[in-house]
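Here's a quick briefing on the salt bridges in this one. Have a look at the model before reading on.

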Amino acid sequence: MLPFKLQKKEPLNLLLLGAHCDDIEIGAGGTLLKLLQEYQIGKVKWVVFTSDKTRRQEALESAGQFLSGVKEKEITVLSNRDGFLPTQTVQVKEHFEEIKKAFVPDLIFTHYRNDRHQDHRLVSDLTWNTWRNHLILEYEIPKYDGDLGIPNFYVTLEEDILKKRNQILMDAFVSQQSKHWFDENTFSALPRLRGMESASLFAEAFYARKVVL
């Protein structure tokens, strides 16, 4: 399931990083729900780097549902401009440094380094630049660019977990429902393919560039 470093009795501290308000949920939402179900969790820090007034409220609602059973959690939704994150690198980097000083995660979820979206790539690059001795899993986002790669780390998901993830997405992000890709078919398609690749029904897949045993 997870590298041996995480097979321990102490609670896990999780850091989830997303460029946009629904990225964490789409890329790692099922895995997060499975971790919360199967592991003792210490603190979860959830950070979204771009939003507007509407999207921020939706992101807070979604994160709150995902983390409803977590006692110690911190949800931060910043107001940087969507699509322009690389032009705000200094202030974004400063926020990464603030997180580093205040929180020591056991496991970090961030964007795929080779994602074609400029906001996603910046978050991924700054994640690796900021944390050098942590387990980092890069999640994938299906989208128009067709930039999916070949991941090497799979987390199998039971159907009820996938349905819960999808339902939270559909209920929370009302502003996105007019988009042609925002539906349960999209949210289930990639987990089904990754499930096939991992000899299971459903799975979320990640890029684990460095794992120390």
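Which residue forms a salt bridge with Glu197? Arg194 does, with the closest N and O atoms 3.0 Å apart. A salt bridge here means a side-chain nitrogen of Lys or Arg within 4 Å of a carboxyl oxygen of Asp or Glu, and the structure holds 12 of them.

This is a predicted model, where local features need pLDDT of at least 70, side-chain atom pairs count only at pLDDT 80 or more, and totals for chains, interfaces and linings use all residues. Residues are numbered from 1 along each chain as its sequence is written, and side-chain values use heavy atoms, leaving out hydrogens and water.

- Glu197 and Arg194 sit three residues apart in helix 6 (residues 184–197), about one turn of the helix. Helices (H or I, at least four residues) and strands (E, at least two) are DSSP runs, numbered from the N terminus.
- Arg194 is buried at 6% relative accessibility, while Glu197 is partly exposed at 42%. Buried means under 20% relative accessible area, exposed over 50%, and partly exposed in between (1.4 Å probe, protein chains only).

**Across the sequence**
- Glu138 pairs with Arg209, closest N and O atoms 2.6 Å apart. Glu138 is in strand 5 (residues 135–139) and Arg209 in the segment after strand 7 (202–207), so this pair ties together parts 71 residues apart in sequence.
- Glu138 is buried at 0%; Arg209 is partly exposed at 33%.
- Arg165 forms a salt bridge with Glu204 at 3.0 Å between the closest N and O atoms. Arg165 lies in helix 5 (residues 159–172) and Glu204 in strand 7, so the pair links parts 39 residues apart in sequence.
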